[in-house]
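Here is a short briefing on one protein model. Keep the 3D view open as you read, and find each part as it comes up.

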Amino acid sequence: MSSSTHPAYPNYRELFVGLEVEVPLLSGARGRYVNLDNAASTPPLKAVQQAVNEFLVYYSSVHRGTGFKSQISTHAYEQAREVVLRFLGADSLSHTCIFGKNTTEAINKLARRFPFTSERDVVLTSGMEHHSNDLPWRAAAKTIHASLTPDGRLDEADFDAQLARYANRLALVAITGASNVSGYLNPIHRLAEKAHAAGALILVDCAQLAPHRKVDMLALDEPAHLDFVAISAHKMYAPFGTGALVGRRDIFERGDPDVTGGGTVEIVTLDDVVWADPPDRDEAGSPNTVGAVALAAAIRQLEGVGMDRVAQHEAALTEYALRRLPSIPGITVLGDIDPTRAAQRLGVIPFGLRDVSHFKVAAALGYEFGIGVRSGCFCAHPYVLHLLGLSHDEAADVRRRMLARDKSDMPGLIRASFGLYNTMHEVDLLVEALGRIARGEYQGVYHQNTASGEYLPEAWQPRFEEYFSI
Ligand SMILES: Cc1ncc(COP(=O)(O)O)c(C=O)c1O
């Protein structure tokens, strides 16, 4: 199907900054950049750019400033919290919105602030997590990983078994809403009911889910409610260094903050401290007000489009990609390859080519076709090795070689991930480029850096200053 035969879709591209930008290609020509790496970071919305520009003229210190600019900055910052809370179906009576850098910081904060006790000291997570929803728990508590099915879904029978096994000790279930590798969605509300029935709370890592699906934390008296949610603004079209942890207010009303200093206190004497109420207790130092405004503007825009329409557009792209990708010689698409189920997963598609290293495929796509994807293990090493079906011994061998600083044949995958602005035509461009790479029709002479595994083509000397410099 050529791009001209694609059904008309709403022109979401008009909403974004920078989509028409051309980048240098190895051939010497320039081509319009195709970003299929949205699971990592997304381009900014124009509404975000505009809100930031409008806000910057008023930007000033927040919270304790008395001038008008401080007041309006404080107002904007606090309003942004309300926007985030409402977007996630939460409210400021039962929940608090703590701004931070990103999902990783949000989860680390919860791991340090969660009231584990000697009786309730176990976290149940899964084998499909991003490292950011795994390593913080390992540092804070006894962490159990629910198993996966061979095709990489959460094995809910094993989840149930672990829940039963640790029921009396379980403090928290920490699970991803959607996988950044396979795009699988987890049944978060059903897992929440199970966690609550076992006397535990639940965190859902919504770094991937929130930009693509409606997330509803529900009221705390509903058994399926979510106690904590973490998000990253740079994956939601607002790349200004903000993320948020939305969580039960009662948890953050207790205990000492994990990071102390200015802003976290009500009263300080030389030998005593009274901590501030949430969320201030957990936001040490001057906050990223611009980032909060940017995130709120992105949320307003996403709500304006409607999360149902976001999901619908991305499902159409995913379905089309899953229909076209199998035509490429030697391709293996992992996870759910059924195009008719595209609406039941995110537009994150992992795949490999039989005869070309994932590192090289990603390099050729970028250098020769102007297509940005990601390759490797996507900060989810155990999950990718599972999807690839590596045995315990093979995984140990990989580990040995990596420890010896040799990533030259590190197992991994290529990942294409869609956002609201991607088009069917861009899927066609990906498929055409992959077909050429699979047939060996790429022009570059590539050399691999053994330590990083990455490939660089000979004679690649772009002058970045021609494009941007500070
Ligand atoms: C599922 C998931 N969780 C957590 C993270 C970490 O997000 P950040 O890098 O914004 O902290 C990511 C990033 O890719 C992710 O995909």
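A residue counts as buried when its relative accessible area is under 20%, and as exposed when that value is over 50%. The model is predicted.

**Strand E9 and its two faces**
- In a regular strand the side chains alternate between the two faces of the sheet.
- Which residues of E9 lie on each side? Phe-228, Ala-230 and Ser-232 are on one side, and Val-229 and Ile-231 are on the other.
- Both of these faces are covered.

**Neighbours of E9**
- Strands of a sheet pair through backbone hydrogen bonds, either parallel or antiparallel.
- Strand E8, residues 201-205, runs parallel to E9, and 3 bridges join them.
- In this pair, Val-204 stands opposite Val-229 of E9.
- Strand E10, residues 243-248, pairs with E9 in the antiparallel sense, over 5 bridges.
- Here Ala-230 stands opposite Leu-245 of E10.

**The whole sheet**
- The sheet is open and has 7 strands, in the order E4-E10-E9-E8-E7-E5-E6. Its pairing is mixed.
- From one strand to the next, the twist averages 20°.
- Strand E5, residues 122-126, runs parallel to E6, and 5 bridges join the two. Val-122 stands opposite Lys-142 in E6.

**Around the ligand**
- There are 14 residues around the ligand, and Thr-104, Asp-205, Gln-208, Ser-232 and Lys-235 come nearest.
- By class, this shell has 10 polar, 2 nonpolar and 2 charged residues.
- The side chain of Thr-104 has an N or O atom 2.5 Å from an oxygen atom of the ligand.
- For Gln-208, a polar side-chain atom lies 2.6 Å from a ligand oxygen atom.
- His-234 also has a side-chain N or O atom 2.6 Å from an oxygen atom of the ligand.
- On its own, the ligand has 390 Å² of accessible area, and the protein covers 89% of that.

**Asp-308**
- Asp-308 lies in helix H9, residues 307-324.
- Is Asp-308 buried or exposed? Asp-308 counts as exposed because its relative accessibility is 64%.
- Asp-308 and His-212 are 96 residues apart along the chain, and their C-alpha atoms are separated by 8.7 Å.

Key
Residues are numbered from 1 along each chain as its sequence is written. This is a predicted model: local features need pLDDT of at least 70, side-chain atom pairs count only at pLDDT 80 or more; totals for chains, interfaces and linings use all residues. Side-chain values use heavy atoms; hydrogens and water are left out. Buried means under 20% relative accessible area, exposed over 50%, partly exposed in between (1.4 Å probe, protein chains only). Helices (H or I, at least four residues) and strands (E, at least two) are DSSP runs, numbered from the N terminus. Two strands pair if DSSP finds at least two bridges between them. A residue is near a molecule or strand if one of its heavy atoms lies within 4 Å of it. A polar contact is a pair of N or O atoms within 3.5 Å; within protein, one must be able to donate a hydrogen and the other to accept it, and residues adjacent in sequence count only if both atoms are side-chain atoms. Accessible areas come from the Shrake-Rupley method with a 1.4 Å probe; for residues, only the protein chains shown count as cover. Ala, Val, Leu, Ile, Met, Phe, Trp, Tyr, Cys and Pro count as nonpolar, Asp, Glu, Lys and Arg as charged, and the others, Gly among them, as polar. Axes are lines fitted to C-alpha atoms, for helices over the stretch in contact, and angles run from 0 to 180 degrees between N-to-C directions.
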